[in-house]
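Please open the model in a viewer and keep the selection panel at hand.

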Number of protein chains: 2
Amino acid sequence: MSPMLAGWRTAVEQTLDEQLAAVANPHLRAAMVYSVEAGGKRLRPLLLLSVVAMYDGVIADALPAAAALEYVHTYSLIHDDLPAMDDDDLRRGKPTNHKQFGEALAILAGDALLTDAFAILSREYPEKGAACVQILAEAAGSNGMVGGQVLDMDGENEQYHLETLKRMHEAKTGALIQAAIAMGGLFVTIPETDQTALADFSAAFGLGFQIKDDINDVTKTTAELGKTADKDVIEHKNTFPELLGLDGAIQALQVEIAKAETALNELTVDAAPLAEILAVLKA
Amino acid sequence: MSPMLAGWRTAVEQTLDEQLAAVANPHLRAAMVYSVEAGGKRLRPLLLLSVVAMYDGVIADALPAAAALEYVHTYSLIHDDLPAMDDDDLRRGKPTNHKQFGEALAILAGDALLTDAFAILSREYPEKGAACVQILAEAAGSNGMVGGQVLDMDGENEQYHLETLKRMHEAKTGALIQAAIAMGGLFVTIPETDQTALADFSAAFGLGFQIKDDINDVTKTTAELGKTADKDVIEHKNTFPELLGLDGAIQALQVEIAKAETALNELTVDAAPLAEILAVLKA
């Protein structure tokens with residue numbers, strides 16, 4: 001990671017620490033801290049801050065928004081791992097939240113992170129708070145991430161066509177990635193042509209990210225992933241490798257990477273931070 | 001119920017229907033609709049609309065805020081009833097959400113209602129959206145409702161003192177009731193003295209509401225309650241009747257009702273709608 005992105009990540013971690021310190025109940029705080037500080041890549045905050053930096057915005061102003069985004073991402077992981085959902089024991093190489101704290105506290109820690117994300121946005125941004133909340137809530141809600149999750153569950157008994165699979169991933173993973181880019185845009189002024197290219201980038205990156213995740217599930221070990229491998233196959237999930245074969249999925253990933261690179265090349269500014277983040281799909 | 005409050009309730013139901021119709025996934029929508037339309041009293045929306053009406057605001061403007069509040073209340077009931085939490089089979093005389101739709105969809109329906117509440121507020125109120133979201137998110141989040149829920153869980157192995165019990169209920173139930181009154185205040189102009197009296201009313205009403213709920217748990221049947229009776233006793237919950245005895249709890253309820261009535265008498269406007277809602281504590 002470049003020193004610039006590493007610096008942003010440190011700043012995001014610090015903002016997360018500060019926000020979490022405000023939780024009064026020690027048990028609830030411990031459960032929230034455990035998952036937020038489990039060592040994620042902070043990909044969504046970094047996408048948001050990249051947009052802010054590329055258009056000469058002030059990184060410090062956008063840190064609470066980046067933290068709120070990471071709260072929502074973390075809540076989604078905690079609830080996804082629950083016994084009633086994916087029933088996972090391992091996340092980022094550690095016991096999942098409910099394994100560590102019990103199911104009840106895991107549910108509540110997720111609920112608190114989701115709710116507090118909106119408290120942070122509205123408290124820190126009296127002016128642009130409503131716009132920030134709207135992007136995040138629509139991406140995460142019934143017609144975004146949660147809707148995608150239901151479509152994923154529905155699909156455990158059904159072989160989806162490619163279009164449905166894409167729509168599922170668009171909602172389940174893509175929406176929050178696109179929200180990261182869009183929220184960054186609230187802190188700067190972006191020329192109209194660049195807005196289109198950024199939307200193209202985030203759509204391609206979001207889909208590519210999920211294809212990569214599907215590929216990793218079948219090609220990497222549990223130790224490499226930090227979560228249970230071959231999970232999708234065991235649960236008869238709809239995935240790209242299952243629908244297209246492993247080679248087909250790798251090809252589909254290349255197509256999305258190429259689309260994302262084309263979009264970045266169309267920008268009127270230096271897209272180095274986004275290009276660096278895009279490189280995670282090539283690893 | 002007076003024709004005025006009944007009319008508001010009908011308008012709230014209609015707004016809820018409209019908002020729920022926007023959920024694209026039919027399974028998710030069905031699970032959300034099931035609990036939202038299970039026939040609650042719409043107490044929190046009515047508190048909000050009472051404040052709007054008392055200070056000559058426009059009811060129609062405040063309906064989306066009232067609906068968002070009911071979304072958050074409904075999410076909290078769905079998650080509270082989950083097997084890992086209170087493990088309840090019955091709510092408002094019907095099977096609980098997870099009994100009807102399974103645990104996974106119940107968790108997701110709750111998550112969607114909570115998230116969509118903030119989407120509604122930010123979309124409908126570009127101006128006062130941030131203030132609305134802040135009141136609701138802080139009341140519902142880690143230092144509000146969710147924090148109170150954790151304190152309630154913690155207390156299953158511990159006998160709380162009266163002050164801790166009050167603090168728990170203040171967070172678990174009181175915060176959202178106070179948020180209803182405060183959100184109503186965003187739609188009108190309220191003289192400063194009235195603001196204090198309204199805050200006093202909502203604190204007393206919120207606490208009284210929970211004492212009443214505790215009393216009902218031990219004095220009413222499952223059929224009368226529409227949810228499992230004697231639940232608190234079975235689960236060794238900290239309650240007012242357990243701490244103060246039934247007579248002591250009834251006295252404590254009278255104290256809160258008297259405080260709430262005093263506060264209403266101090267207002268510079270006719271408090272008829274709030275007085276009507278307060279009467280539910282006397283039933």
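**The interface between chains A and B**

Begin with both chains displayed: the area buried between chain A and chain B is about 3,500 Å², and carbon and sulfur atoms give 67% of it. Select next Leu108(A), Thr115(A) and Ser142(A), which supply 15% of the area that chain A buries against chain B, more than any other three residues. It should be kept in mind throughout that this is a predicted model.

Extending the selection to every contacting residue gives 45 residues of chain A and 45 residues of chain B. Polar contacts across this interface, with both residues at pLDDT 80 or more, amount to 14 residue pairs. To see where the side of chain A that touches chain B comes from, colour α2 (26-36), α4 (59-81), α6 (103-124), α7 (129-140) and α8 (145-154) of chain A, the elements that give two or more residues to it. The largest share, 14 residues, comes from α6(A). Coloured by class, the side of chain A that touches chain B shows 27 nonpolar, twelve polar and six charged residues.

The count of salt bridges between the two chains is two. For one of them, display the side chains of Arg123(A) and Glu138(B), which meet at 2.7 Å, N to O.

**Helix α6 of chain B**

Select residues 103-124 of chain B, which form helix α6. At 1.5 Å a residue, its 22 residues should span 32 Å, and the end C-alpha atoms, 31 Å apart, agree with this. Of these 22 residues, 19 are buried, so α6(B) is largely enclosed by the rest of the structure.

**Tyr75(B)**

Move to helix α4 (residues 59-81) of chain B and select Tyr75(B). Is this residue buried or exposed? Tyr75(B) is buried, because its relative accessible area is 2%, below the 20% cut-off. Beyond its neighbours within four places in sequence, Tyr75(B) is in contact with Asp111(A) and Thr115(A), and with Gly110(B), Leu113(B), Leu114(B), Met145(B) and Val146(B).

**Thr173(A)**

Finish in helix α9 (residues 162-185) of chain A, where Thr173(A) is found. With 9% relative accessibility, Thr173(A) counts as buried. Its contacts, apart from neighbours within four places in sequence, are Arg44(A), Phe209(A) and Gln210(A). Display the side chains of Thr173(A) and Gln210(A) to view the polar contact between them, at 2.4 Å.

Key. Residues numbered from 1 in each chain as written. Chains lettered and ligands numbered in written order. Predicted model: local features only at pLDDT ≥ 70, side-chain atom pairs only at ≥ 80, totals over all residues. Heavy atoms only, no water. Contact = heavy atoms within 4.5 Å. Buried area = accessible area lost by both parts, 1.4 Å probe. Salt bridge = Lys/Arg side-chain N within 4 Å of Asp/Glu carboxyl O. Polar contact = N/O pair within 3.5 Å; in protein donor to acceptor, adjacent residues only side chain to side chain. Helix = DSSP H or I, 4+ residues; strand = E, 2+ residues; numbered from the N terminus. Nonpolar A, V, L, I, M, F, W, Y, C, P; charged D, E, K, R; others polar. Expected span 1.5 Å × (residues − 1). Buried < 20%, exposed > 50% of the residue type's maximum accessible area, 1.4 Å probe, protein only.
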